[in-house]
Amino acid sequence: MNAPSLSARLLAADDRRLWLGMAGCAIAFLVVVPMLNLAMPPDSALHMPNYMVTLLGKYLCYATLALAMDLVWGYCGVLSLGHGAFFALGGYAMGMFMMRSIGARGVYGNADLPDFMVFLNWKELPWYWMGFDHFWFAALMALAVPGALAFVFGWLAFRSRITGVYLSIITQAMTYALMLAFFRNEMGFGGNNGLTDFKDILGFPLAEPSTKLGLYMLSALVLGLAFLVARFVVTSKLGRIMMAVRDAESRVRFLGYSPTWVKLFGFTLSAMLAGLAGALYVPQVGIINPSEFSPANSIEIAIWVAVGGRGTLVGAVLGAFAVNGAKTWLTGAAPELWLFLLGALFIAVTLGLPKGLLGLWGQIRRKEKAHA
Amino acid sequence: MKAFRLLLVLLALLAWAPAHADEFSDAVRALNADNFADKIAAAEALSALGDGRAAVILEALADGRLHAAGDGTIVMEQGGAYRDAITQAAASSADASPITVNNRLRGVLRGAVGRLGLFSPDPELRKRAAESVIASPTPESAAMVRRALETETLPEVKRMLSLALANLDLADADPERRKAAIQALRDSSDPMVRGQLQHMLETESDPEVKAAADKAVGAINSRLVWVSVGANIFQGLSLGSVLLLAAIGLAVTFGVMGVINMAHGEMIMLGAYTAFVVQEVFRATLPPEYVGLYLPVAVPVAFVVTFVIGVGLERTVIRFLYGRPLETMLATWGISLMLQQLVRSIFGASNREVANPAWMTGGIDLIGGFTLTYNRVIIIGFCLAVLLALAALLRWSSFGLHMRAVTQNRPMAAAMGIPTGRIDAATFGLGSGIAGMAGVALSQIGNVSPNLGQGYIVDSFMVVVFGGVGSLWGTLLGALSLGLVNKVLEPYAGAMLGKILVLVVIILFIQKRPRGLFALKGRSVES
Amino acid sequence: MKFVRALGAGLLAAASLLPFTAANAADDTIKVGVLHSLSGTMAISETTLKDTVLMMVDDINKHGGLLGKKVEAVVVDPASNWPLFAEKARELLEKEKVAAVFGCWTSVSRKSVLPVFEQLNGLLFYPVQYEGEESSRNVFYTGAAPNQQAIPAVDYLMSKDGGEVKRWVLAGTDYVYPRTTNKILEAYLKSKGVKAEDIMINYTPFGHNDWQTIVADIKKFGAAGKKTAVVSTINGDANVPFYKELANQGIKADQIPVVAFSVGEEELAGIDTKNLVGHLAAWNYFQSVKAPENDAFIAQWKTFIKNPKRVTNDPMEATYIGFKMWTQAVQQAGTTNVDAVRQAMYGQKVKNLTGGTAVMNTNHHLSKPVLIGEIQANGQMQTVWKSKDVIKADAWSPYIPESAKLKADWTYPWVCGNCAEPKFKM
Amino acid sequence: MLDDKFEVQVDEPHGPGVPAAGSILYLDGVSVSFDGFKALNALSLILAPGELRTIVGPNGAGKTTMMDVITGKTRPDEGDVLFDEKVDLTRLDESEIANLGIGRKFQKPTVFEHLSVFENLELALKADRGAFATLMFWLSGEQRDTIDATMARIGLADKSRHLAGALSHGQKQWLEIGMLLMQDQRLLLLDEPVAGMTDSETEATAQLILDLARDGSRSLVVVEHDMEFVRALGAKVTVLHEGSVLAEGTLETIQADSKVIEVYLGR
């Protein structure tokens, strides 16, 4: 791409405040948090304990996932109820790499096979595990596999003009089928337990707080990067076509654009972002298993976006943080009641803030203007 | 011949003579031993007396209906009433505790009952006796069955006895008898028999007999193939009917109203819990024999309960979201979370027991060991009834007319003075109510827990979409075909792979028909 | 100007997270974590255990607390979501600074919290029967290992009392516990001379609710003229439809008995057992066992939960034993320091509720008695067999070649959970 | 990604350009039916390059369906639809047909409400339609000028940044025509372009259409009810009735035609 156009476009992008805000967040996440974590003495009130860092790292991955979701749902108008699948696939790719790098340190001390295979009497590594000894390959797969699946699935679906809820439901069928498939121990992905017992990644022991901090900062960078990419796409002419497709698909056809390819681009890109998020997520939570494919998870992703405000990118990130933050807090603070509160939140948002939390922010700003 | 029967009668009379009385009652009391070995000995001793009354007692013991009172008297429970096992005099069950049995003792008892019952004056008992002889054959029973056959008059019992005899004769020393037995058994379709014949193939020495057995096995096998096909179809229909039940309500709230109703599953769950509550009320207030009636009562109650809840939801939440289907998904998801937690905090997280009423338990044993279970047959019938009722309501009632009007052209309907708001509420309530009734039915085959709904929600959406949103018949066809496909695949692919394949089928099918099985055509749909 | 405001917003975003971080470790109480799902699919089973821990805490506080301090239970809800389990475990250990955690039910939840406990050197008491093949120095396993359930059950069925079973159906949910158990059983049965064609193995998905085909198959398999039994490792949720189908297809216990390892009073409470009388369960505890400790426990439970109908089950006893052992170890060590407590745990004894004493072995597993019971019409178990003495749990099964050579012993000279030879030479 | 499929040979008897010679649009025996209702019934119509044609007919005469068929929205049950003598439109989809040079303005103005006037026109702008091309697309100076020019021409110069959704009905009509202009198509199909316009707007529209037709580089088909407007255009008129052509000619001859009077002007 021609650099001037890129920078020009990004800066030209409607309001500066957004970019300043990003800078603020970047500083907050990449400078302030590490400082609070490392520099502050553990007993000080300002100290950011390690578990908070891992927690934030997890949220950042969710935020990236939400961003990916917003790209297809908020801009292409494709409500995918199967995005958890892409996330999980990316996670599995990274998990397989870390599985391989365990080597002979597994409980059965078998250098050639992961424990669960030893345990199921597998004699040799199945072909689809080949290559996952190399990080670059795993990283590539974390993008390529979700991308490819999205491309094929999307091509089939969009080409035959499956839209709206029909599309949502078959994406749900996709992730559901994948979940059942990965549950099967014969698949060679560890069945219900999935992949776990990871020791280290690229030689950095996962147990080390420093590794966790590193992963956290990486997640922050990736989120920022993903945001720039998404931003670049939606501010491009393609982005405007996406919105056009979202609002009046048939009309776009008469302008000579093919919605199939527009949506396919968005869907595939989004799937790859989701895969990336998954790949970063797994080393931080230390396990990946089929439950990540469960339809409920995918629905939740849509909910983060809706809560934050769809079609805004920022809203998606906001929503992911808000909902997951609430979940973390409530499951600890009100273990018996948190489902009531979370459920109420969803209802309140849909009834009160059709534009999500970001919409609320917008309303307040407008009020301020009115008073001023 | 006649003389022999006379003899039997005499025997029966003698059995009542006091001389035997204490011997008999001692044997009966001995049943209340403290370890199973002694109980088994006692049971064998009792049956050895050849006393007609023993059969009833042993049977009661096998069913755990035989109690021992504190003072050592043995009491027998029959349909809620307690009688002294020996004197047959009415007795109280005050301090009586049931005499425990284990599987081995049950086996012994069954055999004993069989041998004794063969000569009981009560034909019903004779029939059951014949069955139990087949179920648990013992070397000595062959001779007795032969004796019984000579005296037996009822053709039905005769048939069963000769079958039983043939079963036993397979193990007979005389090859001729074995061959005769095989001939007698070759027309049966009982896998049990096939099992024994196959077992024979391994052990049999006489080549002739072996050949005969081989032919018989072949004949039975070819019959069993058809049985399994039939069984497969029934299972498919049954699964289909379950899917259909789960989906009908959604076909209304989602199919007709366009609400992506994630709380649908919870409506089913609430229905199931209503069934539980009704059952508990019945248990608390009515004598046991009437408790079974809770089910027919629970159905309308569940409908009303979930209908009201549905209307409530529609008025407070859903109605603000028309035209924003995706938002309805979000809100109803929240609702479903809350409902689950609500039920959890009221009824507790663990499963609740909803029993099959007696008239819904068990099934008819068709040929080839294939059982047509009552609860599934009834559920198939029930779900078709619900579907037809709904179809009729939409088709002919003025409510149905208004409903279609509102869903097709809201402003026009409003302009014509149709109370759209009330119609919406009623429609959503209807969908929820149907889900509630489905919950009552599903409580009969599955578990009743706060997660009940989650198990059905995905499948329900699959069915509705596969069938074609907004088309009842599509839903019907979708559910049944999915059920059948699933069950046809299961034996080959296994339960898990079968389900996966079904999902793939759905995905590919939607490629061909983007609007499901029963798509609405025409320009109106396009934009 | 704007820049400053925006930056401020960013900082606020970070700052807003601080309230989480404020670690509030009060010194006058000893905190224990309760990590059981209160929502989601596993709530069905786990909620009971949460209440059990609360009951035990309540009890110990009534009796003057521990080391002169009150014990405080910190309850969190991991919501049957495995990554959330890990997150919550971390929160309990790092933020709440709990002295020990009682929790987890499924193997996958245990697997997902394991790294957390090992990294932060926490203490987890895991109260559910499981597949074994594990021994972490940060976990004490108070549930049954396969050799405390499966093997005795099969032995019983092969005995005269059990009906001399010759033909076996191993039916389970497709996850690691059934896989392992069945693997062990298969090896064991073959070692007992059972032919391969007399063993049928079947796996079903979680929450499988249409059992028509499989039950019909079992019926067919059982009709081959040899005495047949079903060994069920079907996961809790799928059991209700399974047993309902069994009952309705008229499979009687004295024809084809079904022995289950994860079905106890709690599960049966959700089923009408009238038609299941005689089917079996093998476990380390039954409510019906007459023993003073048990009667006391049941009474205490019913009053605590304020429901005379509630039943007790094996994982509850495992929780009870685990909690008691921990308190004893803490008293013995005079501190809640994890390493001290761990050392004190070895050889720690607690009276079983069913008589005899449970002992914590150096492989972090218990020695417990084994009971086999027949289901009664009232939903209770009637013990038909009881091991003469307590049986020591194998962390590593001798019937799986890979694990046969491994040994778990956390005391000198081994000091290892999965080693072929000791760490230290003597 | 679709470029290769534009030139499709028609199967016999119509060899390339035999009957359709010298036509820009050629419909022959086209029939369409929805669930039994015949929307088009053996409709035949030939349009010469550069021609301006107005089509009138009562509701349900098949005007819109005809446009659907030409633009690929609806597949005819039978009949040929040829563009530029040899391209078989029945085998292409909407976007391919649009890329051939056929533009359409809908009866009900459909613009992208969440995009600004400028952006609406930018989307219509003639340029590579491929996904990646659009991703990397950067508006050049002259392209910007053409858009500005068009905005001036359709009288929305001052509304450049307004959301299209905020425009009045008439303005939307204009914007859609403007989008048509941006596409710079060879055949324009206008479905009731002046519906809901004030008289002055209508006049202006008529003027615009005549301008477009004048230079002869494009052909136009205008469907309209408004007889004044049709008269203003003063072009050849085709009368559709029950899915087929009832009469053809100047407005005067049409209005004299007894059949037309009977079914349409209905006295």
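Start in chain C: the crossing of H3(C) and H12(C) is right-handed. The model is predicted.

**Stop 1: inside chain C.** Select residues 43-62 for helix H3 and residues 314-333 for helix H12, both in chain C. Their axes come within 10 Å and cross at roughly 35°. Now show side chains. From H3(C), pick C:Thr48, C:Leu49, C:Thr52, C:Val53, C:Met56 and C:Ile60. Facing them in the contact are C:Pro315, C:Met316, C:Thr319, C:Tyr320, C:Phe323 and C:Thr327 of H12(C). Colour this contact by class: eight residues are nonpolar, four are polar and none is charged.

**Stop 2: chain A against chain C.** Select H3 of chain A, residues 50-75, with H4 of chain C, residues 82-95. These helices pack at about 155°, and their axes are 9 Å apart. Angles over 145 degrees count as roughly antiparallel, and H3(A) and H4(C) are therefore roughly antiparallel to each other. Their crossing is left-handed. On the H3(A) side, look for A:Asn50, A:Tyr51, A:Thr54, A:Leu55 and A:Lys58. H4(C) brings C:Glu87, C:Arg90, C:Glu91, C:Glu94 and C:Lys95 to the contact. The class count here is two nonpolar, two polar and six charged residues.

**Stop 3: a helix of chain B.** Select residues 207-256 of chain B, which form helix H11. H11(B) has 50 residues and reaches 70 Å from first C-alpha to last, close to the 74 Å expected. Where does H11(B) bend? Centre on B:Leu250: the bend there is about 40°. Then step past the end of the helix to B:Gly258, which has a positive phi, near 75°.

**Stop 4: chain B against chain C.** Keep H11 of chain B selected, as it is among the elements that give two or more residues to the side touching chain C. In total, 50 residues of chain B and 47 residues of chain C take part in the contact. The chain B side divides into 13 nonpolar, 27 polar and ten charged residues.

**Stop 5: chain A against chain D.** Here 22 residues of chain A are in contact with 26 of chain D. Select helices H9 (237-254) and H10 (259-285) of chain A, the elements that give two or more residues to this side. Which of them gives the largest share? H9(A) does, with eleven residues. By class, the chain A side has 13 nonpolar, four polar and five charged residues.

Terms used:
Residues numbered from 1 in each chain as written. Chains lettered and ligands numbered in written order. Predicted model: local features only at pLDDT ≥ 70, side-chain atom pairs only at ≥ 80, totals over all residues. Contact = placed C-beta atoms within 7 Å. Helix = DSSP H or I, 4+ residues; strand = E, 2+ residues; numbered from the N terminus. Nonpolar A, V, L, I, M, F, W, Y, C, P; charged D, E, K, R; others polar. Expected span 1.5 Å × (residues − 1). Bend = angle between axes of the 7 residues up to and from the residue. Axes fitted to C-alpha atoms, helices over the stretch in contact; angles between N-to-C directions. Parallel < 35°, antiparallel > 145°, perpendicular 65-115°, else oblique. Left-handed = near helix turned anticlockwise from the far one by under 90°.
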